[in-house]
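Here is a friendly briefing to read with the model open beside you.

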Amino acid sequence: MSRSEQQPGRRLVLKGALAAGALAGAPGLAHAAGPAAAPGGAKAEPYRNPLVLQRADPHIFKHTDGYYYFTATAPEYDRIVLRRSRTLKGLSTAAESVIWKKHATGDMGAHIWAPEIHFIDGKWYVYFASAPANDVWKIRMWVLENASPNPVTGTWTEKGRIITPLDSFSLDASTFVHRGTRYLVWAQSNPAVGNNSSIYLARMANPWTITGPQVEISRPTYDWETRGYKVNEGPSVLQRNGKVFLTYSASATDANYCMGMLTAAAGSDLLDPASWAKSPTPVFTSNDTTKQYGPGHNSFTVAEDGRTDVLVYHARQYKDITGDPLGDPNRHTRVQTLGWKPDGTPDFGVPVADAPVREVKATTRYTMTAFTNSSESNMYVYESPDALTYKLLKGPAYTPPAQLIRDPSVIKHTDGYYYIVHTTNWTGNTIGFARSRDRVNWTFVRDHTLPVAGLERTWAPEFFVDTDGSVNVIVSLDTTSTSGQTFRPHLLTATNAALSSWTTPRPIAGLDTANYIDTFVVRYAGQYHAFTKQETTKYIEHATATSLGGPYTFRGTGDWAGWGGWREGPALVHLDNGAWRIYFDGYAEHKYYYSDSLDGFRTWTPIRELPGLSGFARHFTVLKESV
C-alpha cells in the first residue's frame with residue numbers, strides 16, 4: 001500500500017475532489033481476463049465487485065477445512081480483522097472478527113498494515129507490519145500465532161518481530177514453499193540505494209525467523225515503478241506451469257499504483273537474483289474505461305471448483321484524491337478470475353468495472369422509536385434498511401394523554417401489535433404503554449403502577465422478549481431506601497398475553513450493588529448480556545449471566561470499550577452480517593453515537609455519530625424485522 005512511500009518528510013498530496021457518490025456504486029460482475037478456465041479447463045464463476053468495502057491489501061487463503069479466510073488492512077490502521085466463508089462471495093457479508101488490536105504504547109502501536117494469514121505445520125500465522133506508538137514510521141514486520149483449528153475463535157499470541165540483517169523500514173511479509181523449502185518474501189528500504197523499497201527474499205528457519213542471506217531480487221527502476229515514489233512492495237507468489245511468478249506493486253498509492261511481475265524457472269535457485277526476469281511493463285494498471293484506479297497489493301487464491309485461479313486485489317473507484325492517499329479509506333477488495341496465455345504465463349487483463357446501481361428490495365427493516373431534544377412529550381418513529389440511515393415515518397407519532405414520554409422501547413407482540421413502554425415522569429411509580437398496528441398511528445394502552453414501597457423515580461423501562469416468548473421489562477428504580485438518586489435495575493414479567501398484568505419488580509442480581517441505570521439486555525451465544533450505565537462514573541459497562549434475573553458478572557467496566565464517558569441509553573440490535581450495533585446518547589455533547597462489535601462483544605469499532613439524527617434523537621431502541 002506504498003507505506004514505504006510514507007517516510008518522514010515525504011508526503012504525497014494530490015489535488016482534486018473526491019468523486020461524488022463513488023462509494024454508492026453497487027457491486028458488479030467480474031469477468032475473466034482472457035481465457036476463463038484454469039489449465040484443467042474448469043469454467044470460471046463470475047464474482048461480484050467490490051467484494052469487501054474499505055479493506056486494502058487483501059489476502060484470501062483457502063484452507064483444507066473448506067473455508068476461505070480473509071484479512072486486510074482496515075482504514076483506521078489500528079487492528080487486524082478476519083472473516084471466513086465457504087464461498088468467496090460469502091466473504092462480503094461474513095461476520096468480521098477483530099483478532100488483534102494495536103498496543104496503546106511501545107512496539108506495535110501504530111500503522112497496522114497488510115496482514116496475511118497462513119497455515120503452517122498445523123498452526124495459523126498472521127504476518128503484518130506495524131510501528132512503535134512513539135515512532136510511527138519505524139515500520140517493521142511482526143508475526144502472530146494461533147494453534148486453534150478455527151483461527152476466528154482461537155487465541156492469538158505474539159511471536160515477535162521478524163529480524164532482518166538490514167534493520168530498516170520493512171513490511172508486506174509473505175511466505176511460500178518451493179521444492180520443500182519455505183521462503184519469506186517482503187519489501188524493505190535500503191538507505192544505501194536511495195529508493196523507498198525493494199523486494200527481498202530469504203529462507204525461513206521457522207514461521208517467524210529467516211535464516212541465511214537476505215537477497216534483493218527486484219528494485220524499482222522503470223518509469224512506471226517510480227511515479228510519486230520509488231516503490232516495489234506487496235509481493236505475492238503463484239507457482240504454475242514450471243515457473244514461479246512473483247507479482248508486486250509499484251509507485252505511489254494513487255492512480256499510479258500498479259502491478260509488476262517477476263518470473264523464475266521452477267528449477268532455478270530462487271536466491272540468485274539472476275534467476276528472476278522482470279516484465280518490462282506493468283501487468284495490471286488503472287483503467288479509465290472500467291473506472292478502476294490504483295489496482296494492486298494483490299494475493300492469489302483458488303475458486304470454489306478447486307482449480308481456477310483467482311486474483312485478489314484492491315482498487316478505488318475514482319482517480320482524484322484529496323490529500324494524502326493513505327488517508328483515503330476507499331480502497332475496496334476485489335476479485336476476478338485469472339486467465340492464462342498460451343505460453344503459460346498469467347493473463348491479468350484489466351480490473352473489471354462495477355455494475356450500475358440496481359434496486360434491491362429490502363428484506364430487513366429497522367424501526368426506531370425515540371423522544372427528541374425538542375420535546376419530552378412526543379415520540380418520533382423512524383425506519384432504516386441498514387440500521388444506520390434512518391428516515392422519518394412520522395413525527396410526532398404519539399403523545400400520551402398526560403405526563404411525559406421519555407426512553408420509549410419498542411417490540412412487536414404475538415397479537416400483531418407494536419408496543420412501546422416508556423418513562424412517564426421525572427418522579428413517580430408508573431411506566432406507560434401504547435400500541436400500534438402500523439408503527440405510525442399509536443393509541444394509549446395504560447399507565448402501569450409498580451407496587452414497590454417508597455418508589456421515588458421509575459426510569460428507562462426496556463422491553464426484553466426471551467427465547468421462550470416471555471415478555472419482560474427491565475426498569476431502573478430509585479427508592480427512599482437509597483440515598484440521593486441511586487438506581488437499581490429491576491425485572492418484571494408479563495403474566496398474560498394482553499400485557500396488562502405483571503409480576504412485582506425484583507432486583508436483578510449482580511446489577512443491584514451500585515448505581516446502575518438504563519439497562520439493556522440481549523441474549524447471545526447462550527448468555528444474557530447486560531449493557532448498563534454506571535450512573536456514578538457515567539460509563540456504559542457490560543455484564544453477563546446465565547439467567548435473565550442474574551446473577552450478573554461484569555466483563556467490561558470503566559472505559560472498557562473505548563466509547564468514553566458521559567454516555568447513556570444503550571440499545572443494541574443484531575445486524576444481518578452477524579455484527580452487533582450499539583447506540584448510545586452522548587448527552588453531554590448533544591450527540592448520538594453508534595459502535596459495532598464483530599466478535600461477540602469482545603471488541604468494538606471506534607464510535608461514530610449517527611448520521612442525520614445525532615443531536616436530535618434521544619434515548620431510543622431499535623426493532624429489527626424481516627419484511
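Ile431 stands opposite His448, a residue of β30. This is a predicted model, in which local features need pLDDT of at least 70 and side-chain atom pairs count only at pLDDT 80 or more, while totals for chains, interfaces and linings use all residues. Residues are numbered from 1 along each chain as its sequence is written, and side-chain values use heavy atoms, with hydrogens and water left out.

**The sheet around β30**

- Strand β29 (residues 430-436) pairs with β30 through seven bridges, in the antiparallel sense. Strands here are DSSP runs of E with at least two residues, numbered from the N terminus, and two of them pair if DSSP finds at least two bridges between them.
- Both strands belong to an open sheet of four strands, ordered β27-β28-β29-β30 with antiparallel pairing.
- At the edges lie β27 (406-412) and β30 (442-449), each of which pairs on one side only.
- From one strand to the next, the twist averages 25°; the axes are lines fitted to C-alpha atoms, and angles run from 0 to 180 degrees between N-to-C directions.

- Another open sheet has four strands in the order β3-β4-β5-β6, and its pairing is antiparallel.
- Its edge strands, β3 (56-62) and β6 (97-101), each pair on one side only.
- The twist in this sheet averages 25° from one strand to the next.
- β3 and β4 (residues 68-73) run antiparallel and are joined by five bridges.
- Lys62 has Tyr68 in β4 as its bridge partner.

**A closer look at Ser218**

- Where does Ser218 sit? Ser218 is part of strand β14 (residues 209-218).
- Ser218 counts as buried because its relative accessibility is 3%, where buried means under 20% relative accessible area (1.4 Å probe, protein chains only).
- The side chains of Ser218 and Asn232 make a polar contact at 2.7 Å. A polar contact is a pair of N or O atoms within 3.5 Å, one able to donate a hydrogen and the other to accept it.
- Leaving aside residues up to four places away in sequence, Ser218 touches Ser198, Ile199, Glu225, Asn232, Tyr248, Leu262 and Lys278; contact means heavy atoms within 4.5 Å.

**Confidence**

- The protein averages a pLDDT of 90, and 91% of the residues score at least 70; pLDDT is the predictor's confidence in each residue, from 0 to 100.
- Over residues 1-45, pLDDT stays under 50, and the model has 156 contacts beyond four places in sequence for this stretch.
- Where pLDDT is low, the predicted coordinates should not be read in detail.

Definitions and conventions
Buried means under 20% relative accessible area, exposed over 50%, partly exposed in between (1.4 Å probe, protein chains only).
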